[in-house]
Amino acid sequence: MEFAIVLISTLIACIALRAPIHKHPVLFYILAVGIDLLFIAGSTWGLPRGVWSVLFVLIQKCELSLALFVVVMFLGALPKPATLYQWLKPIRAELSIIAWLLALGHMAVYLASYVPRLANGGAVNANVAGGFVFAVVLLALLMILGITSFQVVKKRMRTETWKRVQKLAYLFFMLVYVHVLTLLMPSAFHGGAAAVVTVGVYSVVFVGYAVLRLRRAVLDRSAKPAQGHSLPDTELELESVTS
């Protein structure tokens, strides 16, 4: 339920701030980096309880970044005439970069927690090793998608190459869902009511996206003969390449 609140709040904020985000995106990138630095400092030296409680939910649990990624991905699954699509498509690129920057703060602390366990020279627990490998894969995908989403990089890439790279967003989104389930399912199986509700919320979001995306793909394919050649409006790209 907590993530549902964060997701709804994030969507409302995206709609309300779409004009300033479009006009002054760098200010929001700087804000995202500042939040990351505050979170890293807080995880190292501590912060007032109220501040840390907010950062714990938004950054430690990565809910703000994930909520932004959900908004970006769902935009690619909505019909183009939809009001929400028309409102937020112009800032899809900026939202993706902000989400990427916030996720880096989460992953920096998350991966750093593995270092002492992996550097002690002894036997490494299978769960620790598996978790580390999974985190590295997610980080690699995130870096590729994030870096190639910047316009300065995108313009230097061939369109077809860029399209293929951005399709990794599907894999990234699926692995994020697997990651969430891996963290929550043990508690859910043991009767944790909060975990059960949270698994349900995430499942509605991710499965709902899959259904909507497949529907959008069918509609786009059926409309393609009339529209001519167009590029898919799907992935975590910073700016859709379709009209």
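This is a predicted model: local features need pLDDT of at least 70, side-chain atom pairs count only at pLDDT 80 or more; totals for chains, interfaces and linings use all residues.

How many helices and how many strands does the secondary structure come to?

Analyst: Numbering runs from 1 along each chain as its sequence is written, and side-chain values use heavy atoms, with hydrogens and water left out.

Start with the whole. The protein has 13 helices and 0 strands. Along the sequence the pattern reads α-α-α-α-α-α-α-α-α-α-α-α-α. The chain holds 243 residues, and 41% of them are buried. Here buried means under 20% relative accessible area, exposed means over 50%, and partly exposed lies in between (1.4 Å probe, protein chains only). The protein exposes about 12,900 Å², of which carbon and sulfur atoms supply 72%. These areas come from the Shrake-Rupley method with a 1.4 Å probe; for residues, only the protein chains shown count as cover. A contact means heavy atoms within 4.5 Å.

Now the helix itself. α5 covers residues 63–75. Its 13 residues should span 18 Å at 1.5 Å a residue, and its end C-alpha atoms are 18 Å apart, so the two agree. The expected span is 1.5 Å times one less than the number of residues. Burial is complete: 13 of its 13 residues are buried.

The largest nonpolar core has 60 residues. Such a core is a set of buried Ala, Val, Leu, Ile, Met, Phe, Trp, Tyr and Cys residues joined through side-chain atoms within 4.5 Å. F3, V70, L95, F172, Y202 and F206 touch the most other members. α5 gives the most to this core, with 11 residues. In soluble globular proteins, nonpolar side chains tend to be buried together. Leaving out residues up to four places away in sequence, L95 touches C14, I21, L68, V71 and V72. C14 is buried, at 3% relative accessibility.

Next, the loop. C62 sits in the loop between α4 and α5. Its phi is near 60°, a positive value in a residue other than glycine. C62 counts as buried because its relative accessibility is 16%. Does a cysteine here pair up, or how many disulfides are there in the whole structure? The search finds 0, taking a disulfide as a pair of cysteine sulfur atoms within 2.5 Å.

The charges come next. The model has 3 salt bridges, each a side-chain nitrogen of Lys or Arg within 4 Å of a carboxyl oxygen of Asp or Glu. K61 takes part in one with E2, at 2.8 Å from N to O. That pair links distant parts of the chain: K61 is in the loop between α4 (49–60) and α5, E2 is in helix α1 (residues 2–16), and they are 59 residues apart. K61 is partly exposed at 39%. E2 is partly exposed too, at 34%. K61 also bridges E63, where the closest N and O atoms are 3.8 Å apart. E63 is buried, at 4% relative accessibility.

For contrast, look at helix α11 (residues 159–166). K163 and E160 both lie there, 3 residues apart, about one turn of the helix. Their side chains meet in a salt bridge at 3.6 Å, N to O. K163 is buried at 16%, whereas E160 is partly exposed at 38%.

Conventions
Helices (H or I, at least four residues) and strands (E, at least two) are DSSP runs, numbered from the N terminus.
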